[in-house]
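This report describes a protein chain, beginning with a few local backbone features and ending with the chain as a whole. The sequence and the structure are shown here for reference.

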Amino acid sequence: MSKEKITIQYIADSLGLSRNTVSKALNSSESIPAETRNKVLKRAIELNYKQFALIDTDTLTTKNTGNIALLTSNMPSNSHFGTSSLSGLEKKISSEGFNLSIHIVRESDIHSLVLPNNFDTKKVDGIVCIELFDKKYTQLINSLGIPSIFIDSTADIFYPELHADIILMENEQSSYYMTKKLIDNGYASVGFIGDYNHCKSFNERWVGFNRALLDSHLQFDPLFCIVEEDRYIADPKWLENRLDNMKNLPSAFVCANDFIAINVMRILKIKNKQIPEDIVISGFDNSPESQIVEPHLSTVHIFRDEIGVLAAEILLSRVGNPLKPPQITHVQTKPIFRESTGKLD
């Protein structure tokens, strides 16, 4: 007998809720009470619904030695590196006898600098933050005095101000290597697409891009770059208009992540631009989509599971010794050259 497909309606029926309520809860709607939203998220994990399938609840132990809270303003999707990182994180935390609870930080929470309604500081031993890129909210979490780790962070945090650990994929060197490789193969006009103020990772990739230009004695040209706010760049229609307004395209685009790169490729192909014959494109993340899109996307591989496991180890170590100096950890990444950048020497 085949396994019944898990749908939003299935989750709704199992909880005695409406399909509309479950859909809103899974999309972090502010109209849904925090208690209901958390109940829906937990049920989605139990039923292995879509991206929640990567969170293995079978590894949960009954030691109950402590509670770790995951705070996120944007639950990672299937292709987001944070989904796999979350899987590794949960497995490691559970194996050590800690429970992991998920708390969605709404936009109104960030603006008001308040914690989620279902977050009780007295019952939390450690905090993991994913997709939280607001400096003031980062400072709020720091002020709680609870051991914390950020998987990526706000771009404008200064490390001397930090009272928490940060773990990132290595960004600058791989971005430098990708950009320098393109330049060395004759692509002398290179543009960057991505909001370098969106998060620390994007900022480091921007630094690597610019350092490659500097070392190659090339003049930075802002007319070849799209660096407006991430919320604009994430809108395909806005991005299409922005590309239309470019008088001339560069010979290469280095994009802050695969999501942006793939949107750029789709837009340019609609405009009859051949990739890599007319222009070459690279991304970052090595998302599943990067291996499916035509032509296959040159990108940078992230060791996703390992980041999650290491984040858990660092956090649990700090729970055991809160007085340790905060640390910033970069996990190795690996540039991968595919068809979107053509044949390179």
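## Backbone features and their surroundings

Leu113 is found in the loop that connects helix H5 (107-112) with E3. In this predicted model, the residue has a positive phi of about 55° although it is not a glycine. Leu113 counts as partly exposed because its relative accessible area is 36%, a value that falls between the limits of under 20% for buried and over 50% for exposed.

A positive phi, near 70°, also occurs at Asp152, again a residue other than glycine. Asp152 belongs to the loop between E4 and strand E5 (165-169), and it counts as buried because its relative accessibility is 5%. Which side chain makes a polar contact with the side chain of Asp152? The partner is the side chain of Ser201, at 2.9 Å. Ser201 is part of helix H8 (residues 200-215) and counts as buried, since its relative accessibility is 2%. Leaving aside residues up to four places away in sequence, Ser201 touches Asp152, Leu168, Met169 and Asn171.

At 44% relative accessibility, Asp278 is classed as partly exposed, and its contacts, not counting residues up to four places away in sequence, are with Asn272 and Lys273. The C-alpha atom of Asp278 is separated by 43 Å from that of Val128, a residue 150 positions away along the chain.

## Strands and the open sheet

Strand E3 (residues 126-130) runs parallel to E4, and four bridges join the two; Ile130 stands opposite Ile151 in E4. Within strand E4 (residues 148-151), Ser148 and Phe150 point one way while Ile149 and Ile151 point the other way, and all of these residues are buried.

Elsewhere, three strands make up an open sheet in the order E6-E7-E8, with parallel pairing. Strand E6 (190-193) and E8 stand at its edges, and because each has a single partner strand, one side of each is left without a neighbour in the sheet. From one strand to the next, the twist averages 20°. The parallel pair formed by E6 and strand E7 (residues 252-255) is joined by four bridges, and Gly191 stands opposite Phe253 in E7. Helix H7 (residues 172-184) packs on this sheet, where it touches E6, E7 and E8, and its direction makes about 175° with that of E7.

## Nonpolar cores

In soluble globular proteins, nonpolar side chains tend to be buried together. How many residues does the largest nonpolar core have in this chain? This core has 39 residues, and those with the most contacts inside it are Leu26, Val128 and Ile167. Its largest share, six residues, comes from helix H12 (residues 304-320). A second, separate core has 37 residues, among them Phe133, Leu243, Phe253 and Ile279.

The surroundings of Ile167 can be listed with residues up to four places away in sequence left out: Ile167 touches Ile149, Phe150, Ile151, Asp152, Ile307, Leu310, Ala311, Ile314, Thr329 and Val331. Asp152, with its positive phi, is therefore both a neighbour of Ile167 and a buried residue by its 5% relative accessibility.

## The chain as a whole

The chain has twelve helices and eleven strands. Its radius of gyration is 21 Å, close to the 20 Å that the globule rule gives for 345 residues, so the chain is as compact as a globular protein of that length. The C-alpha trace spans about 60 × 50 × 40 Å along its principal axes. Of the 345 residues in the chain, buried residues make up 50%. Among contacts with a separation of 6 or more, 68% are between residues 24 or more positions apart.

Definitions and conventions
Residues numbered from 1 in each chain as written. Predicted model: local features only at pLDDT ≥ 70, side-chain atom pairs only at ≥ 80, totals over all residues. Heavy atoms only, no water. Core = buried A, V, L, I, M, F, W, Y, C linked by side-chain atoms within 4.5 Å. Buried < 20%, exposed > 50% of the residue type's maximum accessible area, 1.4 Å probe, protein only. Contact = heavy atoms within 4.5 Å. Pairing = 2+ DSSP bridges. Axes fitted to C-alpha atoms, helices over the stretch in contact; angles between N-to-C directions. Polar contact = N/O pair within 3.5 Å; in protein donor to acceptor, adjacent residues only side chain to side chain. Rg over C-alpha atoms; globule rule 2.2 N^0.38 Å.
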